[in-house]
Amino acid sequence: MPVTDIDPVTVHPNPAGVKRLAVLTSGGDAPGMNAAIRAVVRTATHQGIEVVGVRRGFSGLHRGNMAIIGARDVANTIQRGGTILLTARSHTWRTPEGRAKGAEYLREWGVDGLIVIGGDGSFHGGYYLQQEHGIPVIGVPGTIDNDLYGTDHTIGYFTAVETALDAVDKLRDTGASHERIFVIEVMGRHAGHIALEVAVAGGAEEVFIPEDPRPVDGVVATVQESLAKGKASSIIIVAEGFPGGAQGVADAIEAGTGLETRVSILGHIQRGGTPVSSDRVLASRLGEAAVYALMDGMRGVMVGRMNGEISYTPLEETWEKRKDVSRDLYRCAKTLSV
Ligand code: F6P
């Protein structure tokens, strides 16, 4: 169909009869969450559906911390990092009593479904709410870690990679000037997606990821070989979840070579900042798709994007099945460090 034939005000079928939905962000914030909230609110508004914004994730939900939000409330947010709805990691939500309280509030507010923007912990929270109280839940993948099965990328991942890469480039300047070895730790509690991407894009000599928890002794030979090849400085990337972290790798290098080594842990800086366009567009598409999924009567699924198409994956599969890192990228990182 030519683009000019697409009617921008098409009304989506609503067999589920959704009149009011709720949205929250939960777990670690990720750049692009605001773009996702905006997309949910504007798609719903466009379809004549009211939106209840829940503040502070599940922690706010079991306290009834919610208010109606409209299209103008999300103006000027697409470019902002963090989440305007605030977020939290809730312990009370892990109890059936906490979830029952939250379900009561959702019923009181006449909500026909809940959209949860977050990672696997947040999806667990949504899954149990639906199982125990029958409230339809749709997940939107929002985490910098990119560790959810059922979507090629998660909202926030692209921006986190850019932020980490910017830091690596800067550390390379000082590392080269001092002829030092820099061991840089990037986020990724259980996954090496950020580490791998940054290692290849940042031209690292070596990368350590939790998916391959090998002994660190080999790094001594890597550094010695680099020196022999005429490399005066080295960049080594370590994912947070690799056993021993960056410090463990640096200790092994110093003990094995006696060379001056510095550790830089990038930490939460990777979660902040203006979302890059890829995160904004992904968030916009998934926020829209989440509303349509609820209207179509779907429940207990995460909307994702795979090979450019919107996909739907049962919430429990997003954590039961493992999204592997790209083995090609891992190989490429090694090949290009010669
Ligand atoms: O959101 C994912 C993540 O950023 C992980 O990469 C990291 O391990 C964790 O969150 C940190 O969580 P917190 O902000 O609670 O310290």
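Which side chains meet in a salt bridge at 2.8 Å, N to O, with glutamate 132 as one of the pair's members? The partner of glutamate 132 is arginine 99. A salt bridge is taken here as a side-chain nitrogen of Lys or Arg within 4 Å of a carboxyl oxygen of Asp or Glu.

The model is predicted, so local features need pLDDT of at least 70 and side-chain atom pairs count only at pLDDT 80 or more, while totals for chains, interfaces and linings use all residues. Residues are numbered from 1 along each chain as its sequence is written, and side-chain values use heavy atoms, with hydrogens and water left out.

The domain assignment divides the protein into domain 1 (3–156 + 275–320) and domain 2 (157–271); such bounds come from an automatic or database domain assignment. The centres of the two domains, taken over C-alpha atoms, are separated by 35 Å. To the contact, defined by heavy atoms within 4.5 Å, domain 1 gives 19 residues and domain 2 gives 13 residues. About 1300 Å² is buried between domain 1 and domain 2, with 57% of it on carbon and sulfur atoms. Buried area is the accessible area (1.4 Å probe) that two parts lose on being put together, summed over both. Of the area that domain 1 buries against domain 2, 38% is supplied by Ile144, Asp145 and Asn146, more than by any other three residues. One salt bridge is counted between the two domains.

An open sheet of seven strands was found, with mixed pairing and the order 3-2-1-4-5-10-11. Its edge strands, each pairing on one side only, are strand 3 (66–69) and strand 11 (309–314). Strands (E, at least two residues) and helices (H or I, at least four) are DSSP runs, numbered from the N terminus, and two strands pair if DSSP finds at least two bridges between them. On average, neighbouring strands of the sheet are turned by 30° against each other, direction ignored; the axes are lines fitted to C-alpha atoms, for helices over the stretch in contact, and angles run from 0 to 180 degrees between N-to-C directions. Strand 1 (residues 20–25) and strand 4 (residues 114–118) run parallel and are joined by four bridges. Leucine 24 has valine 116 in strand 4 as its bridge partner.

In total, the structure holds 15 salt bridges. Glutamate 132 is partly exposed at 36%, whereas arginine 99 is buried at 7%.

A salt bridge of 2.9 Å, N to O, joins the side chains of glutamate 205 and lysine 231. Glutamate 205 is in the loop between helix 6 (193–201) and strand 7 (206–208), and lysine 231 is in the loop between helix 7 (218–228) and strand 8 (234–239), so the pair ties together parts 26 residues apart in sequence. Glutamate 205 is buried, at 10%.

Aspartate 324 and arginine 327 form a salt bridge with closest N and O atoms 3.0 Å apart. Aspartate 324 is partly exposed at 40%, and arginine 327 is partly exposed at 41%. Salt bridges with shared partners also join Glu206, Asp212, Arg214 and Lys334 into one network.

Key
Buried < 20%, exposed > 50% of the residue type's maximum accessible area, 1.4 Å probe, protein only.
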